[in-house]
Amino acid sequence: MTHLLILGGTTEANALAKSVASQGIPATYSYAGRVDNPRPQPLPVRVGGFGGVDGLSRYLRAHAITHVVDATHPFAAQMSRNAIAACRDAGVPLMALNRPAWVAQEGDRWQHVPDIDGAVAALSGPAQRIFLAVGRMHLEDFAAQPQHRYLLRLVDEPGALPMPNCEVVVSRGPFSESNDRALMQRHGIELVVSKNAGGSGARAKLDAARALGVPVLMIDRPALPQRHELTSVTQVLDWLAHSGVNLGV
């Protein structure tokens, strides 16, 4: 009996869940629990961490998981590393549904940094108006550069913030280039700080920055151990079919 575990929280994971549910494949959708009001799913949902590699291995065995698809955010590196190790330990096939990284286009003014620490260090210098599009997990890191005025766009109300000068927009993507261009003009943005998340839902800020001639500080993706990766729901369904899952067709 097939039981698929989707490590989710992304647009791609949501699309996979919809397809899996429509074909009647037994599956569970897992949220990390970092968003207060996650999107409802057409599958049974669990929320929260597993307790590291050992905890995830136990979960796979206890729930008779036969396949795992890691469709987490490209920067959820620890979860992806845990999935690789736990699936190897439990003997469960693992596939990553990974959106391609963004690539600079003509007119883009990108400066690449390897990680969050590199981005924080790059912000030393005179005060600027910065669109800090990195999510709420890393706000404490950027508090080390308090001279800037930060624009934060977050999915949930953040509560107390570690920076003295910031404005918050609570909104959930996908976003449009025209709206992001207007947002950046309204706040006089001089620099965008972004993770290279890839995909279409959050790309609008990069298109808006190009249109306005605003530079982007681009945080490169973390390195992961070697794993099998696909880039579309159709490819994942094909992988499942070739792994012995009855897709009802």
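Mentor: Gladly! One definition to begin with: a charge sits over a ring if NZ of Lys or CZ of Arg is within 6 Å of the ring centre and within 35 degrees of the ring normal. Keep in mind that this is a predicted model.

Trainee: Which residue lies over the face of F50, and at what distance from the ring centre?

Mentor: An arginine meets that definition for F50: R46 lies over the ring face. The ring of F175 has a charged end over it too, that of R153, 3.5 Å from its centre. For F50, the residue is R46 and the distance is 3.8 Å.

Trainee: How many aromatic pairs does a search of the whole structure find?

Mentor: One is formed by Y29 and Y31, with 4.8 Å centre to centre and 55° between the planes, which is tilted. Both of these tyrosines are buried. Another joins F50 and Y59. The search of the whole structure finds two.

Trainee: Why is the pair of F50 and Y59 edge-to-face?

Mentor: The ring centres are 5.1 Å apart, and pairing needs them within 6.5 Å. The planes meet at 70°, and over 60 counts as edge-to-face. So the pair of F50 and Y59 is edge-to-face, on account of its planes at 70°.

Trainee: Is F50 buried or exposed?

Mentor: Buried means under 20% relative accessible area. F50 has 14% relative accessibility, so F50 counts as buried.

Trainee: At what angle do α2 and α3 pack?

Mentor: Helix α2 covers residues 52-62 and helix α3 residues 77-90, with their axes 8 Å apart. The angle makes α2 oblique to α3, and the crossing is right-handed. Their packing angle is about 50°.

Key. Residues are numbered from 1 along each chain as its sequence is written. This is a predicted model: local features need pLDDT of at least 70, side-chain atom pairs count only at pLDDT 80 or more; totals for chains, interfaces and linings use all residues. Side-chain values use heavy atoms; hydrogens and water are left out. Rings of Phe, Tyr and Trp (its six-membered ring) pair if their centres lie within 6.5 Å; planes under 30 degrees apart count as stacked, over 60 as edge-to-face and the rest as tilted. Buried means under 20% relative accessible area, exposed over 50%, partly exposed in between (1.4 Å probe, protein chains only). Axes are lines fitted to C-alpha atoms, for helices over the stretch in contact, and angles run from 0 to 180 degrees between N-to-C directions. Helices (H or I, at least four residues) and strands (E, at least two) are DSSP runs, numbered from the N terminus. Angles under 35 degrees count as roughly parallel, over 145 as roughly antiparallel, 65 to 115 as roughly perpendicular and the rest as oblique. A crossing is left-handed if the near helix is turned anticlockwise from the far one by less than a right angle, and right-handed if clockwise.
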